[in-house]
Amino acid sequence: MLRIEKLNYEVKGRKLLRDVSLHVRKGEIVALLGSNGAGKSTLMRLLSGDQKPSSGRISFNGRSLVEQDGRDLARCRALLTQQQQMSLAFKVREIVLMGRYPHFKSVPREQDLAIVDEVMELCGVLDFSDRVYMSLSGGEQQRVQLARVLAQVWDNPDSLLLLDEPISALDMHYQQKVLAIAKALSRKGYMVVLVVHDLNFAANYADRIVMLKHGRKLFDGTPIEVLNTKNIYTVFSVEAQVEMNPKTLRPYVRLEEMLLDEQSIMNVI
Amino acid sequence: MLIKSKIVELDEWLFIEEVPDNYNPDRPLEEHRSVIEDESIRMENFRLSTSGLFILHTKMLFERAMHIHIEIEGEAITSQFVFFKPADSKLPYGMSRHNIRYIPSVKTIHEVKEGVEYIYFIAVISKEYYLNLIKRDSLLHEHFMHEIEKGQYVSFSEEDLMATYEMQHTISELIESKKTGEIRRLHTESRVVELLMYQFEQYNEKSEQQSTLFSEEDVERLELARQILEQRLANPPTQKELAAEVLMSESKLRKDFKEYFSVTIHEYLTRIRMEKARIYLLEDKMSVYKVALLTGFGHQNNFSSAFKKYYGVSPGELRV
């Protein structure tokens, strides 16, 4: 159980998060939605324990997050961030194996290696496991990072999996597949929090949707409760029609074409 | 609601606007812009009205002190802002104050000084419209709601507060929007809610100082309450019974549940019943009759209408 209470986060007098409270239960997959700069990634970093809140409390499996030992935490909480800088010429397998570092002392055990293979297969990166990471395409790199993150908590279903835009660089097939993996893991007991931009992906894969704006939590509920024309406009300033898909009982969001008034591109010519 | 305004010294109505009280999302918005200019006055007015809502934004500068009379007939909630600065200053409006009020009906006269540039903003919101924007049980305006129920004039904040940058920005978005039709309405509503929210938030921040977290004991009780609801959704306890089972007072349970889980007990129960119904119908292919029983709706009709209200389609429409 992940419990976030009255979280505030401030940098140089700018409030990036205000009074955010949120719960994630074992077996639940929660999607964070919001426009750029709404505070999604900030919240993810706070949830991972990488950054400390200015005020408020995060407790994870009954214990305050900040009190937990780093190595213990690394075995039950994994974060996939948006940017991955990698300046050394690591091979794919080496990077995925890094996910197992919290689990072994100096030499990886057999089970660590088995997990690495398993997650590489799942993420479709096994075929290029000996290639240098930097030589891969953006989408391939993203899958490798995902494999590393999965490897980290693969053998512990009480874990928290934090995925910040895990599918931003992926093709359609892998977008669906990665979300399906996240959902399947949640059904095994993992708590999953993910940031996505596609409302329909959120509607189809998430148990709950939390919408942020200007660092505040505005809406929190099941897809059908929160995805409506009004809320979508409030959060994203876009016009959308929301229909119900009777086969899944999940909402289906259709965006309307956005028209610019002529003045806004007057200076182009 | 009837809203009218005049400059006392000129004794001529600037506008008289009749706004229906009811909240009607289909009613179009009407906008008016006008400029009044003579040797002693300069006013730029923007008015927007629709059923349940009236907005006035006035930028004004007077050569001599005058009085502005505003009259509102009918029960309303107002969000008011005044920004001001010396007329010769090139800087943005440095001074401001704002508040939210509930008025059963009111006549006010404001003095405006010479040589000061003012921006006056007011959103007059009928009680019905207001309760459509901000839910009755929202924690943001708990004490205010209590006062509204008494039907007496009340200000949300005892003293006016300074407007923040976010509030100014939201007001300018409201006024400067070039959108039309349905989208203008959506835009207006979302910005009005945003503005009220910023106002509530600033006041609450000021008054609470240190917000308190739940005690471990309270958390356990709330988690227990949730478990009880989930385990007995086919025959759930009343809120009174639930409170007794978790050893809390009913009012504390209601308030804390809402704050802790972001939904009321009733909404939560609806959510879990509907989630269960979804699985029973779609995955387990059960009959509507059986699902109605399993989710605690005694009668199939009650279930069907609750289902339709939640999902927008009736359970019968799923089997085609």
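Mentor: We start with pairing, where two strands count as paired if DSSP finds at least two bridges between them. Please keep in mind that this is a predicted model.

Trainee: What makes the four strands of chain A an open sheet, and in what order do they stand?
Mentor: The order is β2-β1-β4-β5 in chain A, and the pairing is antiparallel. At the edges stand β2 (14–24) and β5 (63–64) of chain A, each with a single partner strand, so one side of each is left without a neighbour in the sheet.

Trainee: How do you know that β1 and β4 of chain A pair?
Mentor: The rule asks for at least two bridges, and strand β1 (residues 2–11) of chain A and strand β4 (residues 55–60) of chain A are joined in the antiparallel sense over five bridges, so by that rule they are paired. As an example of a bridge, Asn8(A) has Ser55(A) in β4(A) as its partner. Helix α1 (residues 40–48) of chain A packs on this sheet, where it touches β1, β2 and β4 of chain A, and its direction makes about 60° with that of β2(A).

Trainee: What does the contact between chain A and chain B take from each chain?
Mentor: Residues are in contact if their C-beta atoms lie within 7 Å, and the contact takes 18 residues from chain A and 20 residues from chain B. On the side of chain A that touches chain B, the elements that give two or more residues are β1, β10 (216–221), α8 (223–226) and α9 (229–236) of chain A. The largest share, four residues, comes from α9(A). By kind, the residues of that side of chain A divide into five nonpolar, five polar and eight charged.

Trainee: What share of chain B is called buried?
Mentor: A residue is buried if 20 or more other C-beta atoms lie within 10 Å of its own, and such residues make up 28% of the 320 residues in chain B.

Key
Residues are numbered from 1 along each chain as its sequence is written. Chains are lettered from A and ligands numbered from 1 in the order in which they are written. This is a predicted model: local features need pLDDT of at least 70, side-chain atom pairs count only at pLDDT 80 or more; totals for chains, interfaces and linings use all residues. A residue is buried if 20 or more other C-beta atoms lie within 10 Å of its own, exposed if 12 or fewer, and partly exposed in between; C-beta atoms are placed from the backbone. Two residues are in contact if their C-beta atoms, placed from the backbone, lie within 7 Å. Axes are lines fitted to C-alpha atoms, for helices over the stretch in contact, and angles run from 0 to 180 degrees between N-to-C directions. Ala, Val, Leu, Ile, Met, Phe, Trp, Tyr, Cys and Pro count as nonpolar, Asp, Glu, Lys and Arg as charged, and the others, Gly among them, as polar.
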